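Notebook open, structure on screen.

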Amino acid sequence: MSRTSSLISSVGSRPLVSAVPELAPEGELAVVPIGDFTTEAGAVLADAHVAYQRWGAFAGDPDGVNNVLVVEHALTGDSNVADWWSDLVGPGKALDTTRWCVIATNALGGCNGSTGPKSLHPDGKPWGGRFPALSIRDLVEAEHDCLKELGISRVHAVLGGSMGGARTLEWSLLHPESVSAVCVIAVSARASGWQIGIQSAQISAIERDPFWHGGNYYLTDKTPRDGLAAARRIAHLTYRGEQEIDERFGATAQQGENPLGPHRQLNQRFAVNSYLDYQGAKLTERFDAGSYVVLTEALNRHDVGRGRGGLIKALAASQVPTMVVGVDTDILYPYHQQEHISRNVNQLLAMAKIVSPVGHDAFLTETRQMNRILRNFLLLSAPNGLDVGPAYVGDEYYI
């Protein structure tokens, strides 16, 4: 049963008598049990848990109008949105925590507090290869269950990019009664053949690592680090723009190395290879290979049209005001895929384009543009009387 206490609070100028959820201290990671979880495909994940963090105080009605913003992380992200979106979350920033209560979960299947492959099965051993396959819908349903356990049945908005954008879009279709608006960033309405292919190549790189052991490596003294690093190198080339990579590295050699010798040698690299090696090694220090496989497979299964009469019917049936954001140089989720969503979604709030050589990751790096986009989203999505503060339009403040 959710723990709540009564409090008279106000949203805008309207006083409300609310049951206020008792949330974790600001910034601290908390874990919420959601019980046995049945996946979309019918598997049962026993005694599942979802981890979350929050910033800003809750205000309003947990079953009606309130100030909760749910932020969804990307594939290898986590609930610490104040870190990976540090220029956008906090007092006075686009997601102003003096006005908004920002909540971010760690996706089910992840490795930062929520139940995932490295978590313990009821038999006391890690789930490992027994962990069920998940869909994007499963990630959303687990998060929805988590919020219900916290005593929150409705939020003002859900927003996120990449895998977070897929979760956001599914929120609007699975639980339109629970969200007032969504902001879908840098994602498609379903996985394309190209996306499934490139993502499956990453899974294959991990599964071919000799230390993978069918996903059951948790009780050994070795982990599939090489496979995970290889997967990250493949993925990172889709996260960054071709123009940016070429301008940064071109065909130059890594300093002190010679990739043009008489024989190819692993320690004689082009500069771009050194960069990708660094990105791969960095991920292995903070992320679990089993979670990478589970969440990448969830992206492969992303299709909002499944069981809903196809993409066009599913988007047309949406009852949630939706803002769509894309990146002009995105290789992984090309801008035409966001245009497709915007043309077909039933209640389009706005369409925004991030212009950047960076590619897909621009929604994380182009904070000045994202600042304006998110402020505009909150201005457009706020119901009458909800105080959201100023929004940026051009270089001026508009109240």
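Pairing rule first: I call two strands paired if DSSP finds at least two bridges between them. Helices (H or I, at least four residues) and strands (E, at least two) are DSSP runs, numbered from the N terminus.

Ground rules: this is a predicted model, where local features need pLDDT of at least 70, side-chain atom pairs count only at pLDDT 80 or more, and totals for chains, interfaces and linings use all residues. Residues are numbered from 1 along each chain as its sequence is written, and side-chain values use heavy atoms, with hydrogens and water left out.

Entry, β6. I checked its partners: β4 (residues 44-55) runs antiparallel to β6, joined by 4 bridges, with Gln-53 opposite Ala-104. β5 (residues 68-72) pairs with β6 in the parallel sense over 3 bridges, and there Leu-69 stands opposite Val-102.

Is β6 buried or exposed? I find 5 of the 5 residues in 101-105 buried (under 20% relative accessible area; exposed is over 50%, partly exposed in between; 1.4 Å probe, protein chains only). Cys-101, Ile-103 and Thr-105 sit on one side, Val-102 and Ala-104 on the other, and both faces are covered. In a regular strand the side chains alternate between the two faces of the sheet.

Entry, α8. I get 17 Å from first C-alpha to last for residues 289-300, close to the 16 Å expected (1.5 Å times one less than the number of residues). Of its 12 residues, 11 are buried, among them Tyr-292, Val-293 and Leu-299. The cover includes α2 (136-149), α5 (225-239) and α7 (271-284), by contact (heavy atoms within 4.5 Å).
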